[in-house]
Amino acid sequence: WQQESYPENDFYNMSIELERGEDGTPLTVSVDYPAGPVKAQIWRAQVGRVPLFLLDTNILDNSLPEYRDITDQLYVTNREMRLRQEIMLGIGGVRALATLNIKPEVYHMNEGHSALLALERICRLKDENDLSFDEAKELVAATTIFTIHTPVAAGNEEFDVGLVEKYLSDYCLCLGISLDELLAMGRQDPSNEHESFSMGVLAMHLATRRNGVSKLHGAVSRDIWKNVWPEVPEDEVPIGHVVNGIHINSWVSKDMQGLFDRYLGPEWAKEPSNGNLWERVSQIPDDELWRTHERRRERLVAFAREHLKKQLENRGALSPEIASASEALNPEALTIGFARRFAPYKRATLILRDIDRLAGILNNKDCPVQLIYAGKAHPGDTPGKELIQEVIHICRQAGLQHRIVFLEDYDMSVARYLVQGVDVWLNTPRRPREASGTSGMKAAVNGGINMSILDGWWHEAYDSDIGWAIGREEDYDDEDYQDMVESNAIYEMLEREVVPLFYNRGADHLPRGWIALMKASMAAICPKFNTHRMVHEYIKQAYHPCAANWESLTAHNFAKVRELTSWKVHIRQHWSDIRINKVEMDEMSEVRVGEHVTIKAQVYLGNLTPEDVSVEAYQGEVDPQGNLVNALPISMSCLESHEEEDDHTFMAAIPCRSSGLHGYSVRILPKHYDLTSPYEMGLILWAS
Ligand SMILES: *Cc1c(COP(=O)(O)O)cnc(C)c1O
């Protein structure tokens, strides 16, 4: 059974330093809690060129233990403590940066936990620049990025209204809003008083760029959160994606690094996103690549044996058993690795479902296969711990000892040995729960081949010539049936493809087919799934646009943000008056591909002008249920206006792009040059 220990941090022996004022005393920030102010000191860990600041409430100034312990543990299950933590992270975090005289213009919130930072920014901008709450909120949202990670609605952080009231009602006074107004910002349906307060929804409301962490996860997030934008068609819900990547230099083995230096040229480390450089992987001689990889597998086996020996000693095993650890695993056998958090959705035991069939594969005399596990469950995750227990029991079964091993105390060092030495990296999440996943990328850089469910990053990386897909993107209602189908798929692939390919050796003992697969996998995966490419995408899609928003909205004493805010008030006031009175189309029942259809709409705008709105024809294919699918908006232009009646005619010529049954609708959205997204106001009027 997994045991947890919480060793004391010895701050004198850690490479972190307290931030101090000029007189040498530690700098602190203070945040008000119901029982009084809570202070935090600030540690700095310098990570390369990037300072990482850590808030620490365990100081004598805080007399109450429940406040001193705010920063004690990660992922506490107690809801109240969790809210205390997120208040310190969000509100205290912004104050810490201010105390350090760091003045960011753009903030990136990683998951909803830090979302309160947006409120603290609003508070400060408002007071420092004489802005209204709405103006400051406008500015904060236009300069905030939100990355979402959790692909299940229930996995996102929520708080009961009572807790929010207890901890944040005084803070609302500083913001200049009522508690109800605050709660509304954290609700999918702002008018639903029974909805709890969601940090994810708050973050979505207070950011202008939102993204999931893989293409599939972006789509899943649009589905989960579509109710935040009730009138917006799902595929237009403003959540995009930036797929995760790994820092290659941190995960590639020294041996493989040497090969890259020689055959790709030393610049590969500086330009890891350059696909042309990675093409040169094909020029690494087969025997050299294979010898390098085998060396790493041997290292992994040696490391695993040492690790197992220590585990047995710690458990008080008898010496013959300890000695037998040196016979575990085979340095030449096809090695499958599985290491990650033991969250139940990752299904660590999927490959163990049919033990007899698996034993047949592992114990094949001429073509032996072995399986190395490592991982930890969250201390509060009993089902996860039971999975570990199951794996350990199976490791001890007669006939499987030395073929399946579990390495305890999983950490980055264990992870490195594994991803650098395995032949196959196995990942079996239950779709679509794996937002991205990254360990498979670490294996790929080192020549490991991925075998995974088409979920997260593998959904967009997979191609039949770079690895194996478990299943074909089917989604099941019956989880047990799904486990059966997918575990069978693993056995089939191992028996028919993986093992034969690995052991197909020529006279020179090289598995040429396998080596070709390694090369194709490295050339395809390395240039894309790295942090270099990822950070560039964030810069292009998010950081630069948000920085530009800051510059433009704050210029001339915040002129534009004031103007935009009052325009929004005007639009909201009159939106309910506008109407689409009539929609007409050319009299024709059949249109040929390439021809155009003219659509006209008669629109009543009341106090709004044609410049305030974007009138769009929304056109696409019609499915058997009569719904529009794959529809695209086409902007309509204002043909004529009858000033007295506030009546306008809009028109568009729609190109017919494909054959089949087509349909269209007309809709109106607010339009303003400084609006960062046409959907952000949540206003769309559809023709009835
Ligand atoms: C990469 C890594 C992970 C993430 O693994 P996934 O399979 O992507 O969930 C977890 N823990 C450690 C120590 C890692 O190095």
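## Ligand site

In this predicted model, a polar side-chain atom of Ser439 lies 2.5 Å from an oxygen atom of the ligand, a polar contact in the sense of a pair of N or O atoms within 3.5 Å, where pairs within protein also need one atom able to donate a hydrogen and the other able to accept it, and residues adjacent in sequence count only if both atoms are side-chain atoms. The protein covers 80% of the 390 Å² of accessible area that the ligand has on its own, with areas taken from the Shrake-Rupley method with a 1.4 Å probe and, for residues, only the protein chains shown counting as cover.

The residues around the ligand, each with a heavy atom within 4 Å of it, are Trp251, Arg340, Lys346, Tyr410, Asp411, Ala415, Gly437, Thr438, Ser439 and Lys442. By class, this shell has three nonpolar, three polar and four charged residues, where Ala, Val, Leu, Ile, Met, Phe, Trp, Tyr, Cys and Pro count as nonpolar, Asp, Glu, Lys and Arg as charged, and the others, Gly among them, as polar.

## Basis of the values

Residues are numbered from 1 along each chain as its sequence is written, and side-chain values use heavy atoms, with hydrogens and water left out. Because the model is predicted, local features need pLDDT of at least 70 and side-chain atom pairs count only at pLDDT 80 or more, while totals for chains, interfaces and linings use all residues.

## Helix 19

Helices (H or I, at least four residues) and strands (E, at least two) are DSSP runs, numbered from the N terminus. Helix 19 comprises 25 residues, 479-503, which at 1.5 Å a residue should span 36 Å, and the 34 Å between its end C-alpha atoms agrees with this; the expected span is 1.5 Å times one less than the number of residues. At the N-terminal end, Asp478 caps helix 19, with a side-chain oxygen 3.0 Å from the backbone nitrogen of Asp480.

Helix 19 bends by about 45° at Leu494, the bend being the angle between axes fitted to the seven residues ending there and the seven starting there. Leu494 is also one of the buried residues of helix 19, which include Ile490, Tyr491, Met493, Val498 and Phe502; buried means under 20% relative accessible area, exposed over 50% and partly exposed in between, with a 1.4 Å probe and protein chains only.

## Backbone geometry

The peptide bond from Arg431 to Pro432 is cis, with omega near -10°, and Pro432 sits in the loop between strand 14 (424-427) and helix 17 (439-445).

Asn101, although not a glycine, has a positive phi of about 60°; it is found in the loop between helix 2 (79-99) and strand 5 (107-110) and counts as exposed at 56% relative accessibility. Phe558 likewise is not a glycine and has a positive phi, of about 65°, but this residue lies in helix 21 (residues 531-575) and is buried, with a relative accessible area of 9%.

## Two further buried positions

Ser614, in strand 19 (residues 613-622), is buried with a relative accessible area of 14%, and a polar contact of 3.2 Å joins its side chain to that of Glu616. Val414 belongs to helix 16 (residues 412-421) and counts as buried at 2% relative accessibility; Val414 and Ala374 are 40 residues apart in sequence and 7.9 Å apart in space, C-alpha to C-alpha.
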